[in-house]
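Q: I want to learn how to read a helix in a model. Can we take one feature at a time?

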Amino acid sequence: AISACEKSGQWEKALKLFTLMGARGVKPDIISYNSAISACEKGGEWKKALELFESVETHGILLDVITYNAAISALEKGGQWE
C-alpha cells in the first residue's frame, strides 16, 4: 500500500500508512522504508525523506543501495547536494 501511494504521488498517505504500521505493532522492513523515502522524494519532501533515512539503522535495519539512492535523489531534488 505504501508503494502504491508512492507511485501515485501521495506522499502524505504513504507516511500515514508507514506511521500506522508502527502504531499497530507491525515492524517496518527495508522495503517499507524505501517506499516511504521514495514517496517523500517524489513529493519534494527531502527533509522528511532524510528523517526516515536517518531512522532506518536506529530500528536495527540495514540500509541497502535502494535506500541510499532514494535519499540521494530526494536531497538532489531539494537542492541539498552539499
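A: Start with α2, which has 13 residues and reaches 18 Å from its first C-alpha to its last, close to the 18 Å expected at 1.5 Å a residue. The expected span is 1.5 Å times one less than the number of residues. Helices (H or I, at least four residues) and strands (E, at least two) are DSSP runs, numbered from the N terminus. This is a predicted model: local features need pLDDT of at least 70, side-chain atom pairs count only at pLDDT 80 or more, and totals for chains, interfaces and linings use all residues. Residues are numbered from 1 along each chain as its sequence is written, and side-chain values use heavy atoms, with hydrogens and water left out.

Q: Which residues of α2 are buried?

A: Buried means under 20% relative accessible area, exposed over 50%, partly exposed in between (1.4 Å probe, protein chains only). In α2, W11, A14, L15, F18 and M21 are the buried residues. They fall within an arc of 110 degrees seen down the axis of α2, so they line one face of the helix. The arc is that of the directions from the helix axis to the C-beta atoms.

Q: Why do residues three or four places apart point the same way?

A: An α-helix has 3.6 residues a turn, so such residues point the same way. On the other side of α2, the exposed residues are E12, K13, K16, T19 and A23.

Q: What covers the buried residues of α2?

A: Look for contacts, meaning heavy atoms within 4.5 Å. The cover includes α1 (2-7), α3 and α4 (46-56).

Q: Is L15 buried or exposed?

A: L15 counts as buried because its relative accessibility is 16%. Leaving aside neighbours within four places in sequence, L15 is in contact with A36, C40, K48 and L52.

Q: Where is S38 found?

A: S38 sits in helix α3 (residues 30-42). With 13% relative accessibility, S38 counts as buried. Not counting residues up to four places away in sequence, S38 touches E6 and A70.

Q: What follows α2?

A: G25 does, and its phi is positive, near 85 degrees.

Q: How many helices and strands does the protein have?

A: There are 5 helices and 0 strands. Buried residues make up 38% of the 82 residues. Of the contacts with a separation of 6 or more, 57% are between residues 24 or more positions apart.
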